[in-house]
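Colleague: I have not looked at this model before. Could you take me through how it is put together?

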Amino acid sequence: STGNDPEVQRSRAVMFSLFCDTYLKLGATRLAADYARKSVDILRGLVAGEPRNAGWRRDLSLSLERVGNVLVANGDRAAALASYQEALVIARALAAGEPGNTEWRHRVSVGLAKTADVLSVRGDRGGALAAYREALDVDRALAAGQPDNTDWQHDLSVGLSRIGDLLADQGDPTGALSAYREALDVARALAARDAANTGWQHNLSIGLDRVGNVLIRQGDQIGRASCR
């Protein structure tokens, strides 16, 4: 029957994911969670029936990540962490099976960053830092492999900034400053590449502020002034 057709099932999963995103934006997190789980259930069934289908495995990973996002919004970080980690396992397997696929590698970076975000909030800063650094390794490789890809460059800058934030919170201003300065170099290059791009200019301003804030905490007023 049509209802058992895999592509029909996948279409339903995609529709439920869209409903989830819409309800999440509206703040209706309970409804968002219901639709996210419906999508996951369908995709689990599809993957179980055809485990080698990389597209369905990717969709399942994204839906699990979506469930994690909803759980974070609901304040259930333990369950969110489990969902993100399951999504990450799938993303790692996809990337390992096809190392040249930049999309799969990017999904690994995203999964690591989301996992790290939850670990950090839960107080596991060591685990968070390790995950952020692993994500950064992926971002560096992507950016080095495609230096003209501004998305990869932006991701690299964001990854460095996350590490800088965590190190600053941990009382390591030297490490934070190093990460922030590298992030700032990337942001400068992006802003110089497209001076009309207000997003890149805004990111550059934020990067300068981050460096300046660390310098002022260290008592380097001259360095702070140079960041203005």
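Colleague: Which residues in helix 3 meet helix 4, and which residues in helix 4 do they meet?

Modeller: This is a predicted model. On the helix 3 side the residues are Ala54, Arg57, Arg58, Leu60, Ser61, Leu64, Glu65, Val67, Gly68, Asn69, Leu71 and Val72. In helix 4 they meet Ala79, Ala80, Ser83, Tyr84, Glu86, Ala87, Ile90, Ala91, Ala93 and Leu94.

Colleague: How many residues of each class does the contact of helix 3 with helix 4 have?

Modeller: The residues fall into nonpolar, polar and charged classes, with Gly among the polar ones. For the contact of helix 3 with helix 4, the count is 14 nonpolar, 4 polar and 4 charged.

Colleague: Is helix 3 roughly parallel or roughly antiparallel to helix 4?

Modeller: The axes of helix 3 and helix 4 are 8 Å apart, and the packing angle is about 160 degrees. Angles over 145 degrees count as roughly antiparallel. The crossing of the pair is left-handed. The angle therefore makes helix 3, relative to helix 4, roughly antiparallel.

Colleague: At what angle do helix 4 and helix 5 pack?

Modeller: Helix 4 covers residues 77-97 and helix 5 covers residues 102-121, with axes 8 Å apart. Their crossing is left-handed. The angle between them is about 160 degrees, which means that helix 4 is roughly antiparallel to helix 5.

Colleague: What does helix 5 reach from its first C-alpha to its last?

Modeller: Helix 5 has 20 residues. At 1.5 Å a residue, the expected span is 28 Å. The model comes close to that, with a reach of 29 Å.

Colleague: Which residue has a side-chain oxygen that reaches the backbone nitrogen of Glu103?

Modeller: The place to look is the start of helix 5. There, the oxygen comes to within 3.0 Å of that nitrogen, and it belongs to Asn101.

Colleague: Which residue just after helix 5 takes a positive phi?

Modeller: The phi there is about 95 degrees. The residue is Gly123.

Colleague: Which residues of helix 3 make the contact with helix 1?

Modeller: Helix 1 contributes Pro6, Glu7, Arg10, Ser17, Cys20, Asp21 and Leu24. By class, the contact has 6 nonpolar, 2 polar and 5 charged residues. From helix 3 come Trp56, Asp59, Ser63, Arg66, Val70 and Ala73.

Colleague: Which side chain is joined to that of Thr29 by a polar contact?

Modeller: Thr29 lies in helix 2, residues 29-49. Leaving out residues up to four places away in sequence, Thr29 touches Leu24, Val70, Ala73 and Asn74. The polar contact is 2.5 Å, and the partner is Asn74.

Colleague: How many helices and strands are there in the protein?

Modeller: Along its principal axes, the C-alpha trace spans about 70 × 35 × 30 Å. From the N terminus on, the elements run α-α-α-α-α-α-α-α-α-α. The totals are 10 helices and 0 strands.

Technical notes:
Residues are numbered from 1 along each chain as its sequence is written. This is a predicted model: local features need pLDDT of at least 70, side-chain atom pairs count only at pLDDT 80 or more; totals for chains, interfaces and linings use all residues. Side-chain values use heavy atoms; hydrogens and water are left out. Axes are lines fitted to C-alpha atoms, for helices over the stretch in contact, and angles run from 0 to 180 degrees between N-to-C directions. Helices (H or I, at least four residues) and strands (E, at least two) are DSSP runs, numbered from the N terminus. Angles under 35 degrees count as roughly parallel, over 145 as roughly antiparallel, 65 to 115 as roughly perpendicular and the rest as oblique. A crossing is left-handed if the near helix is turned anticlockwise from the far one by less than a right angle, and right-handed if clockwise. The expected span of a helix is 1.5 Å times one less than its number of residues. A polar contact is a pair of N or O atoms within 3.5 Å; within protein, one must be able to donate a hydrogen and the other to accept it, and residues adjacent in sequence count only if both atoms are side-chain atoms. Contact means heavy atoms within 4.5 Å.
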